[in-house]
Amino acid sequence: MNLHASAEKNTQIEKSSQPLIEKVAIIGAGLGGLAVAVALRKLGYDVQIYEKARDFRPIGGGLGLFPNGLNFLDAIEPGIVETIKNLGCEIQTSVLKNTQGETIRTNPASRYGDKYGQPLITVWWWHLQQILASKLPSESIHLNHRCIGFEQDERNVFIYFEHGEKVCADLLIGADGINSAVRGALIGDGKPRYLKSMSWRTVIKCHQELLNPGELTFVKGNQEFMFLLNLGDDYISWVYRKFFPDCIVSQDAGEVKSQVLSQLADWGESLRSLVEATPAERIQEGIICDRLPLKSWSKGRVRELHKKNDPMTSRVSQKFQQTIF
Ligand SMILES: Cc1cc2nc3c(=O)[nH]c(=O)nc-3n(C[C@H](O)[C@H](O)[C@H](O)COP(=O)(O)OP(=O)(O)OC[C@H]3O[C@@H](n4cnc5c(N)ncnc54)[C@H](O)[C@@H]3O)c2cc1C
């Protein structure tokens with residue numbers, strides 16, 4: 001969406017008739033929902049965000065933020081990239097290793113700054129969520145609000161929540177992730193597609209020798225890989241992903257950890273010991289899926305944020321690997 005163009009159009013319409021859009025409701029206080037909220041508030045909209053979680057907790061994995069994303073964030077909130085840099089880690093070198101932990105290649109990451117004016121930054125998902133949330137008035141973020149559906153007419157959209165509340169807005173934006181309730185009601189295209197791949201990830205605070213400051217490591221195996229990310233302040237994240245034809249979800253935290261360790265049985269001691277040192281309850285198991293692109297992703301006063309979902313689809317993740325090495 002070209003926000004400036006739409007705001008100008010809105011202003012023109014406002015001059016001649018009733019305002020089209022004043023109140024915007026966003027479902028989901030993830031990175032997408034919060035970033036859109038920051039941008040729309042800057043354009044003068046009254047934005048309210050509704051999030052199903054009861055509180056903001058330290059969840060999520062480590063993220064790699066590339067120059068295009070950082071330039072976008074700086075455009076909607078000048079100075080925010082400096083805050084992200086201070087809390088996260090500016091990557092100087094990317095390192096390619098084999099599963100025994102031996103270095104195959106290193107690449108300087110300075111070319112990002114030279115070419116695009118922004119570095120590659122790694123940051124904890126939770127920290128980025130907190131940075132974005134801090135740019136919004138706290139009273140505009142409504143936690144413990146699980147959206148269960150909506151109805152719209154020519155003038156309004158009514159949004160329904162699990163605990164019985166109903167709110168009215170001029171525009172509804174669904175930023176509620178890959179299993180979006182808004183998308184379900186708007187498009188009704190069923191469940192996401194399993195991409196025959198599972199992931200396990202964590203963020204832990206630890207001193208280790210695998211990863212130097214300013215380094216991002218990619219461990220390439222056979223139909224499996226692992227990222228090791230520095231997130232600043234002694235936090236590191238490992239993200240392990242493996243081809244898994246059948247999706248098997250573990251029953252408890254102990255089973256999750258045993259599952260990862262059994263997959264890493266042939267890996268070198270340095271990498272295995274990092275997983276062994278991770279508390280089982282800190283490891284998040286994930287099913288990798290995506291959705292097919294849509295031709296249209298809005299109807300009337302309701303929009304779905306994603307044309308196509310999770311960037312950890314195989315194609316995008318391959319692109320990520322190709323970009324850093
Ligand atoms: C293993 C893995 C690694 C990744 N690595 C990277 C990376 O390095 N770099 C990168 O840029 N991206 C990465 N991603 C992708 C990134 O995490 C997602 O693209 C991003 O989080 C999507 O943001 P979102 O706000 O659209 O959705 P989400 O982050 O999923 O947020 C959705 C929000 O909506 C809330 N919600 C859901 N349903 C409802 C409801 N019914 N009512 C109210 N609230 C609701 C949820 O609680 C959540 O807060 C990775 C993803 C995975 C799985």
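Modeller: Contact here means heavy atoms within 4.5 Å of each other. The model is a predicted one.

Colleague: With that cut-off, which residues is Asp 153 in contact with, leaving aside its neighbours within four places in sequence?

Modeller: Asp 153 sits in the loop between β9 (147–152) and β10 (157–161). Once neighbours within four places in sequence are set aside, the residues in contact with Asp 153 are Phe 158 and Arg 301.

Colleague: How far apart in space are Asp 153 and Gly 300, C-alpha to C-alpha?

Modeller: In sequence, 147 residues separate Asp 153 from Gly 300. In space, the C-alpha to C-alpha distance between Asp 153 and Gly 300 is 8.2 Å.

Colleague: Which residues have a backbone nitrogen that lies 2.9 Å or 2.8 Å from a polar atom of the side chain of Asp 153?

Modeller: A polar atom of the Asp 153 side chain lies 2.9 Å from the backbone nitrogen of Arg 155. For the backbone nitrogen of Asn 156, the distance to a polar atom of that side chain is 2.8 Å. The residues asked for are Arg 155 and Asn 156.

Colleague: Is Asp 153 buried, partly exposed or exposed?

Modeller: Buried means under 20% relative accessible area, and exposed means over 50%. Asp 153 has 40% relative accessibility, which lies between these limits, so Asp 153 counts as partly exposed.

Colleague: Why are the buried residues of α4 on the same side of the helix?

Modeller: Helix α4 covers residues 80–87, and its buried residues are Ile 80, Val 81 and Ile 84. These residues are on the same side of α4 because the arc they cover around the axis is only 100°.

Colleague: What covers the buried residues of α4?

Modeller: The buried residues in question are Ile 80, Val 81 and Ile 84. Their cover includes β3 (62–65), α3 (67–76), β7 (121–124) and α6 (125–133).

Colleague: What do the buried residues of α8 pack against?

Modeller: In α8 (residues 253–263), the buried residues are Val 256, Lys 257, Gln 259, Val 260, Leu 261 and Gln 263. At the start of α8, a side-chain oxygen of Asp 252 comes within 3.1 Å of the backbone nitrogen of Gly 254. The buried residues of α8 pack against β13 (193–205), β15 (224–232), β16 (235–243), α9 (269–276) and β17 (284–290).

Colleague: Is Asp 233 buried, partly exposed or exposed?

Modeller: Asp 233 belongs to the loop between β15 and β16, and its phi is positive, near 55°. Its relative accessible area is 55%. Exposed means over 50%, so Asp 233 is exposed.

Colleague: What is the phi of Asp 234?

Modeller: Asp 234 is also found in the loop between β15 and β16. With a relative accessible area of 38%, Asp 234 is partly exposed. Its phi is a positive value in a residue other than glycine, near 70°.

Colleague: Which residue in β6 is the bridge partner of Val 95?

Modeller: β5 (residues 93–97) and β6 (residues 103–108) pair in the antiparallel sense over 5 bridges. The two strands form a hairpin with 5 residues between them, and Gly 101 in the turn has a positive phi of about 85°. In β6, the bridge partner of Val 95 is Thr 106.

Colleague: Where does pLDDT stay under 50?

Modeller: The chain averages a pLDDT of 89, and 88% of the residues score at least 70. Where pLDDT is low, the predicted coordinates should not be read in detail. Values stay under 50 over residues 1–6 and residues 309–316.

Definitions and conventions. Residues are numbered from 1 along each chain as its sequence is written. This is a predicted model: local features need pLDDT of at least 70, side-chain atom pairs count only at pLDDT 80 or more; totals for chains, interfaces and linings use all residues. Side-chain values use heavy atoms; hydrogens and water are left out. Helices (H or I, at least four residues) and strands (E, at least two) are DSSP runs, numbered from the N terminus. Buried means under 20% relative accessible area, exposed over 50%, partly exposed in between (1.4 Å probe, protein chains only). A polar contact is a pair of N or O atoms within 3.5 Å; within protein, one must be able to donate a hydrogen and the other to accept it, and residues adjacent in sequence count only if both atoms are side-chain atoms. The arc is that of the directions from the helix axis to the C-beta atoms. pLDDT is the predictor's confidence in each residue, from 0 to 100. Two strands pair if DSSP finds at least two bridges between them.
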